[in-house]
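I opened the notebook to look up a ligand shell, a helix and a sheet. My notes follow the order in which I checked them.

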Amino acid sequence: MVNFILNQKCISTTLPKGLLLLDFIRYHQRLTGTKIGCREGDCGACTVLVGEIKNGELKYRSATSCLMAIGNARGKHIVTVEGTNVAGLNFIQQCFTDEGASQCGFCTPGFMVSLAGFALSNTAATPQAAIDAVNGNICRCTGYKSIERATVKIAQKLAENKQQDAIAFAVENNILPTYFTGIKERLLQLVDPVNSSTAPTQSLLQFLGGGTDLYVQQHDTMLDSEIDFLIDNSALNGIVKIDNRCYLGATVTVTDILESPVFQQYFPSLQAHIKLVSSTPIRNMATIAGNLVNASPIGDFTIFFLALNAQLLLSDGHNAREIPLQQFYKGYKHLAKKPEEFIEQIYFELPSASTKFNFEKVCKRTYLDIASVNTAISLQIENDCITEAHLSAGGVGPTPAYLMKSVTYLKGKSINENTINEVIAIAQTEISPISDTRGTAAYKRLLLGQLIKAHFLMFSGDKNLQLAH
Ligand SMILES: Cc1cc2nc3c(=O)[nH]c(=O)nc-3n(C[C@H](O)[C@H](O)[C@H](O)COP(=O)(O)OP(=O)(O)OC[C@H]3O[C@@H](n4cnc5c(N)ncnc54)[C@H](O)[C@@H]3O)c2cc1C
Ligand code: FES
Ligand code: FES
């Protein structure tokens, strides 16, 4: 049984938990405002809001319902475009109408829902933040300028809110209907005890995080799969700093790390790095553990955490063991993990004042695209000498690569042109890129060299470094 609130309605369903929320909404509830476009998380036509009580606070985030299992809706408030309606047009709808920001209207519900999520997000209401909130929504016919004008108007309205609770402000200003004010109480009363043990409920299950890889890759089989809903499991939540270590639960999402005070303190460029990864609704759903286990050679967080020298705590629910992420990849999509083992925790040593960290990614398109090549580096530098180094690279072989020979070379060196040119030459001996739609093998070799240079230029700020081409 899965219990949740859909707009104003209480849902208790015994349908398979792997059923897509999109199909439940449209075919079982006949709420057809939520559209079907790509069914792969790319277009945003199916966007819904997911409201959840975390640490006593009701938080809303956007999600693509075409990649979300109803099992992951458990205990939450799901809002479709119909659930944002008031008598007449709401403020967001009015702005779109005034600016001519809708033509055929197919994408419009997705934009409305993403902007309703922005209104509830407690994010500083700048025009750029409002535009970022719709970065997962594609419109094929209106032209983005009118959508941008409407979005900026909405941000200006929200900026008038100086200290009121976001829900109260949205209701008072005709942005959202009044029933939102009672949702927190209703969610607290929703009888749907969540699992708090770390043991999988059955053996040999398909573990599910956010579903943003699984529902793209195995869409047709997920409905009938035996799924272990990790997101349900309160013991797998959260980001904690203990002494100098940072621990991430298996269900921590990309947005969780973006909003984490620990990550904000230790990774000042995190926002810029994460902007290069997928879109807002996908980041709201995608877990770090899912990225690691998906084992794509270009997984951005895999590359990021390899350079942090992260360790994994694997568990089958009874026995646990630790393994360095560096040793997790044995071959293409072949992992040092038994089928019944899941990632319970990821941890790493936090950077010190003498640590420099950087992430670089090149794609065919800057945003909402997967990498041709990506790389991350972490260097500890004391008295002008590299005392500790980690360097990773994606898109240059069958697995995400930890560049061991390059790392060994860097230790004990000072940063100068010779060191940089040398490490680029060594890195070339450790990779085996292939030609594919993301670029030729030669291009990927060139890219990795350029991105390693970019790491060092980022650290030195010296644009005049003489580096081999
Ligand atoms: C539109 C779109 C854009 C994307 N853009 C990017 C991008 O720019 N960069 C990028 O790196 N990725 C991107 N992705 C891929 C995807 O979002 C990420 O890989 C994401 O981190 C996967 O996490 P998830 O929780 O959704 O995984 P899921 O789909 O739930 O699971 C993925 C795999 O991990 C397993 N799994 C999940 N959690 C655990 C666990 N704790 N223990 C053991 N196994 C587990 C599942 O069984 C499955 O095999 C994109 C995806 C989409 C749809
Ligand atoms: S249908 Fe395109 S993102 Fe869901
Ligand atoms: S209004 Fe037609 S796709 Fe956006």
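These entries cover a predicted model.

**Ligand 1**

I began with the residues around ligand 1. The shell has 32 residues, and Gly-41, Gly-209, Gly-210, Gly-290 and Asn-291 come nearest. H14 gives the largest share, five residues. I sorted the shell by class and found 16 nonpolar, twelve polar and four charged residues. I also checked the domains. Domain 1 (1–193) and domain 2 (206–349) each supply at least three residues to the shell.

**Helix H3**

Next I looked up helix H3, residues 108–119. Does its length agree or disagree with its residue count? At 1.5 Å a residue, its twelve residues should span 16 Å, and the end C-alpha atoms are 16 Å apart, so the two agree. I then looked at burial. H3 is mostly covered, with twelve of its twelve residues buried. Among them are Phe-111, Met-112, Leu-115 and Phe-118.

**The sheet E15 to E18**

Last, I traced an open sheet of four strands. Its order is E15-E16-E17-E18, with antiparallel pairing. Strand E15 (355–363) and strand E18 (401–402) are the edges, and each pairs on one side only. How many bridges join strand E16 (371–382) to strand E17 (385–394)? I noted nine, with the two strands running antiparallel. I looked up one pair by name: Ser-378 has His-390 in E17 as its bridge partner.

Methods: Residues numbered from 1 in each chain as written. Chains lettered and ligands numbered in written order. Predicted model: local features only at pLDDT ≥ 70, side-chain atom pairs only at ≥ 80, totals over all residues. Near = placed C-beta within 6 Å. Nonpolar A, V, L, I, M, F, W, Y, C, P; charged D, E, K, R; others polar. Domains from an automatic or database assignment. Expected span 1.5 Å × (residues − 1). Buried ≥ 20, exposed ≤ 12 C-beta atoms within 10 Å, placed from the backbone. Pairing = 2+ DSSP bridges.
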